[in-house]
Amino acid sequence: HRTAAKLISATTGASVPDAIKLVTVGEATAPGMSLTGEMLPARRPHVADALATGRLSVAAGAEITRMLDRVPPRVDPAAVAAMEQGLVGAAPGLTSDELRALLIRAEATLDPDGVEQKERELRDARYLIVREDRTGAILVDGRLDPETHAPIEAAFDDIVGGMLRRPDEDHRRQGVGDCCGHGPLRAFGRTRDGSMTSPPTR
């Protein structure tokens, strides 16, 4: 993918991410050929048809294709094909965020066991460290699963919104203190055994 994408990017001037989407869609929608020379249908025929008729963008086709390609072989191919058809019909008119949310639900429907395993892995790998360096700058480093990200993002939004509404220096310092764990939001990290812990502020 990377070599083909770089070639497309260099030839057309498209960005590498856009070129990767073209490669992903091209591989999934091009007809194949058997060892005996027999023509085989495209791996994602519904995506191919929607692209050919202009009903689906390359970006949306690539997102749908990538999700379907992640579905393990144990899932019934007929269910995957039906989901592909449904996604192709629902995708036009959706924003990228709306399509991403739709694909998350679709993947969970096709492979609930796989999604639960992925969620466990994301929870186990999460960490968030907020610290102050020697210059007084606040450094933030982390890896969050979606469930943990939501309340933290909301807390940051509230803090930053309050800082913008209260321009005096004392309130700005209080906002930074909240972010560093002196207020309602506490930082946590991972110890060597993988458990979550609140690190020191310095």
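Two residues are in contact when heavy atoms of theirs lie within 4.5 Å. Keep that in mind as we tour this predicted model. By that rule, and leaving aside neighbours within four places in sequence, L56 is in contact with V47, A50, L51, G61, I64, V88 and A91.

**The nonpolar core**
- The largest nonpolar core has 19 residues, and L56, I64, M67 and L87 are the ones that touch the most other members.
- Helices α3 (45-52), α4 (58-70), α5 (77-90) and α6 (96-110) each supply at least two residues of this core.
- Helix α6 gives the most, with five residues.

**Helix α5, end to end and side to side**
- The buried residues of α5 are V80, M83, E84, L87 and V88.
- Looking down the axis of α5, you would find these buried residues within an arc of 135°, so they line one face of the helix.
- In an α-helix there are 3.6 residues a turn, so residues three or four places apart point the same way.
- A78 and G89 are exposed on the other side of α5.
- The buried residues of α5 pack against α3, α4 and α6.
- At the N-terminal end, D76 caps α5, with a side-chain oxygen 3.1 Å from the backbone nitrogen of A78.

**V25 in helix α2**
- V25 belongs to helix α2 (residues 16-29), and V25 is buried because its relative accessible area is 6%, under the 20% cut-off.
- Not counting residues up to four places away in sequence, V25 touches L51, V58, G61 and A62.
- V25 and R44 are 19 residues apart in sequence, while their C-alpha atoms are 8.8 Å apart in space.

- Leaving out residues up to four places away in sequence, E107 touches M67, R70, P112, V115 and K118.
- D145 lies in the loop between β4 (138-143) and α8 (146-165), and D145 is buried, with a relative accessible area of 2%.
- The side chain of D145 makes a polar contact with the side chain of T148, at 2.4 Å.
- Not counting residues up to four places away in sequence, D145 also touches L122, R123 and R126.

Note on methods: Residues are numbered from 1 along each chain as its sequence is written. This is a predicted model: local features need pLDDT of at least 70, side-chain atom pairs count only at pLDDT 80 or more; totals for chains, interfaces and linings use all residues. Side-chain values use heavy atoms; hydrogens and water are left out. A nonpolar core is a set of buried Ala, Val, Leu, Ile, Met, Phe, Trp, Tyr and Cys residues joined through side-chain atoms within 4.5 Å. Buried means under 20% relative accessible area, exposed over 50%, partly exposed in between (1.4 Å probe, protein chains only). Helices (H or I, at least four residues) and strands (E, at least two) are DSSP runs, numbered from the N terminus. A polar contact is a pair of N or O atoms within 3.5 Å; within protein, one must be able to donate a hydrogen and the other to accept it, and residues adjacent in sequence count only if both atoms are side-chain atoms. The arc is that of the directions from the helix axis to the C-beta atoms.
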